[in-house]
Amino acid sequence: MDRDSSGAAERTEPASPLGKNIHEDTRTADSHASRAGTCRNTDVARARWTLLRQVLRQKQVESPEVKQVSVRRFATFDLFSRKRLVARDHSDTSDDQWVEYRSVYFPEYSALLRDNLGPLRVNEVLNSFDNTGNVCVWPSEEVMAHYCLQKRDMFKGAVCELGGGMTCLGGLMVAICADVTEVLLSDGNEKSIQNVRGLVEKNRQAGKFGSTYVSSRVVRWDCEMDISALEGHFDFIMCADCLFLDQYRASLVDAIRRLLQPSGMALVFAPQRGETLRLFCQLAQQAGFCISQHQQYDAQVWDVHLKMLREGKEVYDENIHYPHLITLTKEPQPVSPTQ
């Protein structure tokens, strides 16, 4: 069903299936402050910016670490078009710039994202580990969003995106295209969730979610308070490019195990990045998951991958740019998610 209609009538927001105390939308600074005292921030974006800040201070912009984590030489698989929207309200003096991301292969589906931070300022990188920059859809997130559109009929029930950063594009697309009851968009970074909350409201006002309840909140993988509030609730969990931090890989596996229903499935999109993908799969297997790894799971993505291998070697590195698909289940699955 096409729910991408900006002319949809205004509706009452559906009640959260989890209840008000569980699906809190992280609206008060006090709640963040109280949790900050007991939980470490495990956000992947923070690590990227910490690394970039260190490199800028050392003027080692070409260091191998930056190329492994923060490189943006290859930016997109060209799965979505990007159109800047002109503000209709001329009285709005904010710096917000809204952008429509529309699927190239499923053009009936699009999401509104916000680019409100302007050009990257070096002093902000040096002085803050919370600044995650402009609208930044990393290749793995882009591929995951496209895959969710391609496989929209397989989603059901409650869906959660972990580590979705400033956009949570994959989770947004599930909320827009799939017949699900609930989508939770999450990240460990409070500033990211502040931005995502605005995206949710903008897309809700545009009538893109139908009857699906969509919310956002901070979820730190190693925080007992965050995980226990959502334990065993989700039919599907997804994340993109969240595996490269050694100290948090085990926490991610454990969070997925605890948040997933017994019959649920996790979709993990991530490049190899050296040994990081293999080590994640090893930890997941030790945790009792049934694991399936797929390299060729979508025709459009695979075609771009092969083309870049032939023609784009100066900007494209398969090890850090091409996301593999890992599925995790607690029970054996009769049907492959790539079929």
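Is Cys168 buried or exposed, and what is its relative accessible area? Cys168 is buried, with a relative accessible area of 0% (buried means under 20%, exposed over 50% and partly exposed in between, using a 1.4 Å probe and protein chains only). The model is predicted, so local features need pLDDT of at least 70 and side-chain atom pairs pLDDT 80 or more, while totals for chains, interfaces and linings use all residues. Residues are numbered from 1 along each chain as its sequence is written, and side-chain values use heavy atoms, leaving out hydrogens and water.

**View 1. Cys168 in its loop.** Look for Cys168 in the loop between strand 4 (158-161) and helix 6 (helices are DSSP runs of H or I with at least four residues, strands are runs of E with at least two, and both are numbered from the N terminus). Although Cys168 is not a glycine, its phi is positive, at about 50°.

**View 2. Asp241 in its loop.** Asp241 sits in the loop between strand 7 (234-240) and helix 9 (246-259). Its phi is also positive, near 55°, in a residue other than glycine. Asp241 is buried, with a relative accessible area of 7%.

**View 3. Helix 5 beside helix 6.** Helix 5 (residues 139-150) and helix 6 (residues 169-177) pack at an angle of about 15°, with axes 8 Å apart (axes are lines fitted to C-alpha atoms, for helices over the stretch in contact, and angles run from 0 to 180 degrees between N-to-C directions). The contact (heavy atoms within 4.5 Å) includes Met144 and Leu149 of helix 5 and Met173 and Val174 of helix 6.
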